[in-house]
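I opened this entry to write down what I looked up, one topic at a time. The sequence and the structure come first.

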Amino acid sequence: MSLPWQAAGRRHEDIGLPAASGCRERGGNLKMSKITTELLLERAVPRSTRLRKIETLNLSKLQLKTGDLDPRLFSRLRHLQKLDISDNELVKFPNSLTLPELRVLNCSNNQLDDVTTLKQFPKLEELSYENNMDLTRNDDHKVIFLLQNLRLLNGKDVTKLADHVRQISSQKLTSKVTTYWEKNFRDQLPKDCTAEDVKAIRKKFLKSVQTHVIFGPSSLREFTRWRVKTIAEEFLESLLGQEENTNPELEERVDDEEEEEEENTESPGEVMEEVDQVISTPSKRKGNRSPAGSGNKRPRPQPNPKEIVLSPRKSSHLQDEPTPEKPRASNQKAKLAKPGQGAEGTQRNGEQLPKGQSHRRSSQLAEQQKSQEQDKGVVSLTPVKDLEGEDVILEPLHFLQCHSKSNSREDFKTQLWSCAFEPLLDGGTRKDPIVSSSRTVATCGGEAVCLIDCETGIVLKKYKVPAEEFFTVAWTTLTMVNKDNRKRTHNILAAAGRRGIVKLIHVTADFCYGEIKAHKKPIATACFSTSCETHLFTASYDKRIALWDIGVPDCDYNFKASQLLVMEAVSVPLRIALVPSCPDQYLLAGCEDGCFAWDIRLDRPQKNRPFEVTFQFPDEEGEETTSHRVDGLAFLNKDVVVSKSSKAGTIYMWSWSQSMEASGTACQRSAPAVILAELEWSPTDLPYLTLSTCPAKEYVFCGDENGSVWMYNLSNHSAWSTAARRKRSDKSIAATQILKWPELRANGEVLTDVLINNVITDPTFTYLIALTSVNIAAIWKKT
């Protein structure tokens, strides 16, 4: 069952407790009540005459603060089984409420920032704490670990996830902690050690192990550190027997400082551990979270067990055409040829692995290939390193079939079109010395958008809109204010496609909070402004490029979008790019019938604008022409543009500044692009095989019709960007390396006719992602 994004309101879903009753002031607001014996007896359900007889208690909507919960009074509720304390102002629970029989707790809509005190309720089976702005998936994992009887968390069954969190992850972390001690600290402990020696080693080890033991996605780094600290302390206690000789207060201060640094390290797209079914993990709550029930609050769609799974087998809508209007004539159905004799490769996790088998790199799965091929329908992936050149070594990590139609293992026709790496949050991941770059990438194709952890290959999230075909995704980072007027930065993902509607998703919260009906025809591509985080450009098959201000959602996800500009094109825009040297002034677009630039300054009165300049390029006969499809476009640096024309089969490098100088000042003028060099590329005439750049490393990437990725290291040619005038070189530049497509087997047969529709790297060129015409997202890692 698919779960589409929703925008309709739903009532808040409680955990089976009756509605609150109590005195109200005029205007309908509840009067704040100090908890007394009389109040507890009155709010009992049914009303009671003795505290020890109360089994169900409703204390919701009383404006209660943490200090109002008197442990001495609550300790008399010996038989309390259900407690509703939602819609109050609690920051945490006091440590000694002593509710030994509590089984159901609803503390939604408070201000909780810590869940570890919930361990005092060991019999808790059902827990709901939605709409507590500061609680994250790290807290979900903490309560699952602490509460051994917990079955439902925020209305979701967490039984399967609990087994993983309490057993599998604990075993792996224990092994990692032990190995880390043996490798790095065992020899540092003197044979005749004193208490001071033990104390120093313990302090050093606890600090070091929390930094260096890594497990799972970076968004669960806080939980991992918390568990590693606990495991390390238990390990040291059993090993050294010196727990009482330490200074816990000092260590707590050190840990608090480290945790404060880690507070914002989460990458909102990375949210799941390595589990077979991760749907049971509740969503991270940032802002208003409303399951079924509350008419005055916006809902947050919950993932369906068939939607978010470890294995990259996901349903997606069949997409045979590169674009809604322009079919790719030469693109055929993916064929399955007989496997060739030769290299024995390694199997990758392109399909669901047997239960309990975790994702590993391809080099570690060779011995499992035979058993995997016996599982009918499993895609056997045999990646082979085949690089021309020695500058970069790329290790194949994962080949994921994560946009399949109806979860079909036989779907090798859904085309994948666009991907974008999630940006790092300021003050977050950058503070972690281990995680220097985002490794979460959003991919789109068919009716789904997936978030993938490049290192583990885990499909972290999947968003699906039936009858949609997504062509583009783009990220921005917004500063949002919660109900306590505290500001926090969050990554927002925009996704759009055939329906002409932009979906806005707060990925950390698992919530599509809104949509913009941007165009009446499909949206081919979109990008956010680099200077204003709320400005979004959308390019459509209606031959228009629109600039939108998407606004910033409030704590209830209310937002207001407005259209700022409309740029008229003479043909369908396929790729757009803001000019890095003047991102508020010019937008460049590669279109079906040429390359154009628009003036996008908002201080100009005209809201509908024609193009300013159209650029001329050599045709196949060497004559200058403005009429050719430009289906690849990106900036290598602030001045050098890299563009591809499907007709010429050549990638051009040209100067933006020099071309503009030669264009004059007239509106809708034509000017020859000042070409600096040509890059040799495939002679194919297939369209929509787009290119990308990695400016930090001065690389250009472009896939071809044979599944290969052409890589150009242009660091030796950086002088072009500063050259005043340079004659075009007659000699074209060959690819530095060509990354060959590996041998992939589906049902024992080789997967052929692979087109690379898109290829990108993260900003540091750590991971390379290739999206194909055969429903495979390929991930390599630079070593």
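**Ground rules**

I am working with a predicted model, in which local features need pLDDT of at least 70 and side-chain atom pairs count only at pLDDT 80 or more, while totals for chains, interfaces and linings use all residues. Residues are numbered from 1 along each chain as its sequence is written, and side-chain values use heavy atoms, with hydrogens and water left out.

**Whole chain**

I looked up the helices and strands, which are DSSP runs numbered from the N terminus (helices H or I with at least four residues, strands E with at least two). The chain has nine helices and 41 strands.

Next I checked burial, where buried means under 20% relative accessible area, exposed over 50%, and partly exposed in between (1.4 Å probe, protein chains only). Of the 783 residues, 58% count as buried. I noted an accessible surface of about 31,400 Å², 46% of it belonging to carbon and sulfur atoms. Such areas come from the Shrake-Rupley method with a 1.4 Å probe, and for residues only the protein chains shown count as cover.

I then looked at contacts, meaning heavy atoms within 4.5 Å. Among contacts with a separation of 6 or more, 63% are between residues 24 or more positions apart.

How many residues of strand β12 are buried? I found that six of the six are, at residues 448-453, so the strand is largely enclosed by the rest of the structure. I recalled that side chains in a regular strand alternate between the two faces of the sheet. In β12, Ala448, Cys450 and Ile452 point one way, and Val449, Leu451 and Asp453 point the other way.

For pairing, I used the rule that DSSP must find at least two bridges between two strands. Strand β11 (residues 440-445) pairs with β12 in the antiparallel sense over six bridges. Ala442 is the residue opposite Leu451 of β12. The hairpin of β11 and β12 has two residues between the strands, and Gly446 takes a positive phi near 65 degrees there.

On to strand β13 (residues 459-464), which pairs with β12 in the antiparallel sense over five bridges. Cys450 has Lys462 of β13 as its bridge partner. These two strands form a hairpin with five residues between them, and Gly457 in the turn has a positive phi of about 80 degrees.

**Salt bridges**

I counted a salt bridge when a side-chain nitrogen of Lys or Arg is within 4 Å of a carboxyl oxygen of Asp or Glu. By this rule there are 26 salt bridges.

I started with Asp70 and Arg72, which meet at 3.7 Å, N to O. Asp70 is partly exposed at 28% relative accessible area, whereas Arg72 is exposed at 69%.

The side chains of Arg137 and Asp510 meet at 2.4 Å, N to O. Arg137 lies in helix α3 (residues 137-146) and Asp510 in the loop between β16 (501-506) and β17 (511-517), so the pair ties together parts that are 373 residues apart in sequence. Are Arg137 and Asp510 buried or exposed? I found Arg137 buried at 2% relative accessibility, and Asp510 buried at 3%.

The side chains of Lys461 and Asp510 make a polar contact at 2.4 Å. A polar contact is a pair of N or O atoms within 3.5 Å; within protein, one must be able to donate a hydrogen and the other to accept it, and residues adjacent in sequence count only if both atoms are side-chain atoms. Lys461 counts as buried, at 1% relative accessibility.

**Helix α5**

The 18 residues should span 26 Å, and the end C-alpha atoms are 26 Å apart, which agrees. Among the buried residues of α5 are Val198, Ile201, Phe205 and Val209.

**Leu691**

Last, I looked up Leu691, which is in strand β33 (residues 691-694). Leu691 is buried at 5% relative accessibility. Not counting residues up to four places away in sequence, Leu691 touches several residues, including Leu633, Val642, Ile651 and Phe701.

Technical notes
Expected span 1.5 Å × (residues − 1).
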